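Take a moment with the sequence and the coordinates. The walk-through below goes from strands to rings to sulfur atoms.

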Amino acid sequence: MHIPKLCDACGGLRQRQTSFSLLLTIALTTLLIPSPSLAQTRLIPSPSSAPLELDLLTKPKDYVITANTIHPQGLTVPSLWWAQQNSERKLLDNWIAYPASGKEPARVDLIVNQQIWSLLEYIERYDFVNRLGSAARNFGYNVRVFNYQKEPLATYTCNFSTSPALCSIQTTVKNKIGLQRSL
């Protein structure tokens with residue numbers, strides 16, 4: 001019969017202590033070193049808090065561009081007509097594009113058909129915002145998505161001072177009882 005010596009038991013204890021120390025080091029390193037996604041998110045500005053101005057759809061001012069704005073000299077920037085024609089199930093109804101000002105970067109407020117938006121799954125909404133946000137980003141615009149009740153539904157916001165531009169998508173979802181939360 002083999003009887004373990006006292007030092008054999010100590011070796012197992014030392015091994016457990018080393019494993020625990022290694023695990024503790026990895027855990028602390030993971031917690032203390034910021035991940036790139038957190039660092040990048042801080043570099044992206046918050047979406048504009050300016051109110052949606054639906055009256056500009058029927059009475060546009062010189063500085064805004066809508067789906068009904070046509071420039072006879074050339075392409076109107078940002079050009080979202082192709083995206084509007086190709087948006088699945090006629091989701092994109094209209095948009096208002098605001099040029100950059102001293103206070104805010106350029107942005108496009110998209111107005112979607114609420115009935116169709118509510119039928120989309122989260123991933124379909126994300127895909128829509130990503131596609132139109134990418135198209136607007138190419139012209140230097142951030143994007144906000146609204147319905148005609150002026151409820152914010154999603155944003156696509158970029159930091160254009162970095163190369164390539166760092167962007168973030170945020171969506172708002174309603175649960176079954178109508179409460180909103182951001183994702």
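What follows covers strand pairing, aromatic contacts and a disulfide. The model is a predicted one.

Start with strand E2, residues 92–98. Is this strand mostly covered or open? E2 is mostly covered, with 6 of its 7 residues buried. Strand E1, residues 65–66, runs antiparallel to E2 and is joined to it by 2 bridges. Threonine 66 has isoleucine 96 in E2 as its bridge partner. E2 also pairs with strand E3, residues 107–112. That pairing is antiparallel too and spans 6 bridges.

Tyrosine 98 stands opposite arginine 107 of E3. Their side chains meet as well. The charged end of arginine 107 sits over the tyrosine 98 ring, 4.0 Å from the ring centre.

Now turn to ring against ring. How many aromatic pairs does a search of the whole structure find? The search finds 2. One of them is tryptophan 117 with phenylalanine 128, in an edge-to-face arrangement. Their centres are 6.2 Å apart, and the planes make an angle of 75°. The pair links distant parts of the chain, 11 residues apart. Tryptophan 117 belongs to helix H4, residues 114–119. Phenylalanine 128 belongs to helix H5, residues 122–137. Tryptophan 117 has a relative accessible area of 2%, so it counts as buried. Phenylalanine 128 is buried too, at 0%.

Tyrosine 122 and tyrosine 126 make another aromatic pair. Their ring centres lie 6.3 Å apart with the planes at 40°, so this pair is tilted. An angle over 60 degrees would be needed for edge-to-face. Both tyrosines lie in helix H5, 4 residues apart, which is about one turn of the helix.

Across the whole structure, a search finds 1 disulfide. Which cysteines does the disulfide join? The bond runs from cysteine 158 to cysteine 167, with an S to S distance of 2.0 Å. The torsion about this S-S bond is about 105°, so the disulfide is right-handed. Its two ends fall in separate accessibility classes. Cysteine 158 is buried, with a relative accessible area of 2%. Cysteine 167 reaches 27% relative accessibility, so it counts as partly exposed.

How values were computed. Residues are numbered from 1 along each chain as its sequence is written. This is a predicted model: local features need pLDDT of at least 70, side-chain atom pairs count only at pLDDT 80 or more; totals for chains, interfaces and linings use all residues. Side-chain values use heavy atoms; hydrogens and water are left out. Buried means under 20% relative accessible area, exposed over 50%, partly exposed in between (1.4 Å probe, protein chains only). Two strands pair if DSSP finds at least two bridges between them. Rings of Phe, Tyr and Trp (its six-membered ring) pair if their centres lie within 6.5 Å; planes under 30 degrees apart count as stacked, over 60 as edge-to-face and the rest as tilted. A charge sits over a ring if NZ of Lys or CZ of Arg is within 6 Å of the ring centre and within 35 degrees of the ring normal. A disulfide is a pair of cysteine sulfur atoms within 2.5 Å.
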